Amino acid sequence: MIKLVVISGCSGGGKSTLLEELSRRGYATVEEPGRRIVKEELAGQGAALPWVDPVAFARRAIAMALDDQALAETQSGWTFFDRGLIDGAAALQAATGEAVLETLRDRHRYYQTVFLTPPWPEIYVNDPERRHGFEEAVAEYERLTAAFPEIGYELVILPKTDVETRADFLLRRLAADNFLGTKRDPCRS
């Protein structure tokens with residue numbers, strides 16, 4: 001069974017905070033590719049920034065997500081990703097019109113259920129790595145809510161609540177999926 005779980009959704013919706021909580025509880029986590037890229041590009045005066053060259057940024061995010069996924073596949077137990085390959089592919093497809101998502105339908109799969117943080121204006125803030133406004137974050141969220149199901153993932157919207165309750169909700173959902181055997185591994189017949 002695939003144990004690579006994506007937490008995606010609206011920018012500023014609490015993904016990174018949730019990953020910190022899951023890490024605190026002993027789970028393996030992977031930081032968002034986009035944030036790592038922005039930090040590297042800003043430190044080196046690079047141009048692969050989403051507000052400068054969104055295509056170069058998306059291509060770097062895809063490459064980084066593929067590396068992250070390959071490394072995580074060598075680990076046992078659940079690994080939680082703050083965004084991942086599908087997020088980068090959806091951004092590239094939106095920027096170029098290339099049918100990138102369809103190529104991922106049967107390749108480089110994550111766990112069947114993807115957890116999404118919904119738009120949450122009360123906690124949304126800008127920072128050096130997140131310069132876009134809330135409206136752009138909502139548009140991205142809407143693209144993602146279409147992209148994941150398009151290639152066979154089930155979406156679960158995380159509740160707008162404190163981080164401990166959110167983590168409990170996510171872990172209970174994974175335990176129920178596996179106890180009930182309701183999820184079919186997309187890579188096995």
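Q: Is Glu21 buried or exposed?
A: This is a predicted model. In it, Glu21 is buried, because its relative accessible area is 7%, and the cut-off for buried is under 20%.

Q: Which residue does Glu21 form a salt bridge with?
A: Arg25. The closest N and O atoms of Glu21 and Arg25 are 2.8 Å apart. Arg25 itself is partly exposed, with a relative accessible area of 28%.

Q: Now Arg36. What does Arg36 form a salt bridge with?
A: Arg36 pairs with Asp68, with 2.4 Å between the closest N and O atoms. Arg36 lies in helix H2 (residues 33-44) and Asp68 in helix H3 (residues 54-72), so the pair ties together parts that are 32 residues apart in sequence.

Q: And are Arg36 and Asp68 buried or exposed?
A: Both Arg36 and Asp68 are buried.

Q: What does Arg60 meet in a salt bridge?
A: The side chain of Glu41, at 2.4 Å from N to O. Because Arg60 sits in helix H3 and Glu41 in helix H2, this pair ties together parts that are 19 residues apart in sequence. Arg60 is partly exposed at 27% relative accessible area, whereas Glu41 is buried at 12%.

Q: Switching to Lys15. Where does Lys15 lie?
A: Lys15 is in helix H1, which covers residues 15-24. Lys15 is buried but has no salt bridge.

Q: What is the nearest side chain of opposite charge to Lys15, and why is that pair not a salt bridge?
A: The nearest one is Asp82, 4.8 Å away.

Q: Which backbone oxygen lies 2.9 Å from a polar atom of the Lys15 side chain?
A: That of Cys10.

Q: What else does Lys15 touch?
A: Leaving out residues up to four places away in sequence, Lys15 touches Ile7, Ser8, Gly9, Cys10, Asp82, Arg83 and Thr117.

Q: OK, Glu98. Where is that?
A: Glu98 is in the loop between helix H4 (85-96) and strand E4 (113-117). Its relative accessibility is 33%, so Glu98 counts as partly exposed.

Q: How far apart are Ala99 and Ala89?
A: They are 10 residues apart in sequence and 8.9 Å apart in space, C-alpha to C-alpha.

Q: Zooming out, what does the secondary structure of the protein chain come to?
A: Six helices and five strands. Starting at the N terminus, the order is β-α-β-α-α-β-α-β-α-β-α.

Q: What share of the residues is buried?
A: Of the 189 residues in the protein chain, 46% are buried. The chain exposes about 9,100 Å², and carbon and sulfur atoms supply 53% of that area.

Q: And the contacts with a separation of 6 or more, what share of them is between residues 24 or more positions apart?
A: In the protein chain, 74% of them.

Key:
Residues numbered from 1 in each chain as written. Predicted model: local features only at pLDDT ≥ 70, side-chain atom pairs only at ≥ 80, totals over all residues. Heavy atoms only, no water. Helix = DSSP H or I, 4+ residues; strand = E, 2+ residues; numbered from the N terminus. Buried < 20%, exposed > 50% of the residue type's maximum accessible area, 1.4 Å probe, protein only. Lys, Arg positive; Asp, Glu negative; His and termini not counted. Salt bridge = Lys/Arg side-chain N within 4 Å of Asp/Glu carboxyl O. Polar contact = N/O pair within 3.5 Å; in protein donor to acceptor, adjacent residues only side chain to side chain. Contact = heavy atoms within 4.5 Å. Areas by Shrake-Rupley, 256 points an atom, 1.4 Å probe, with all protein chains shown as cover.
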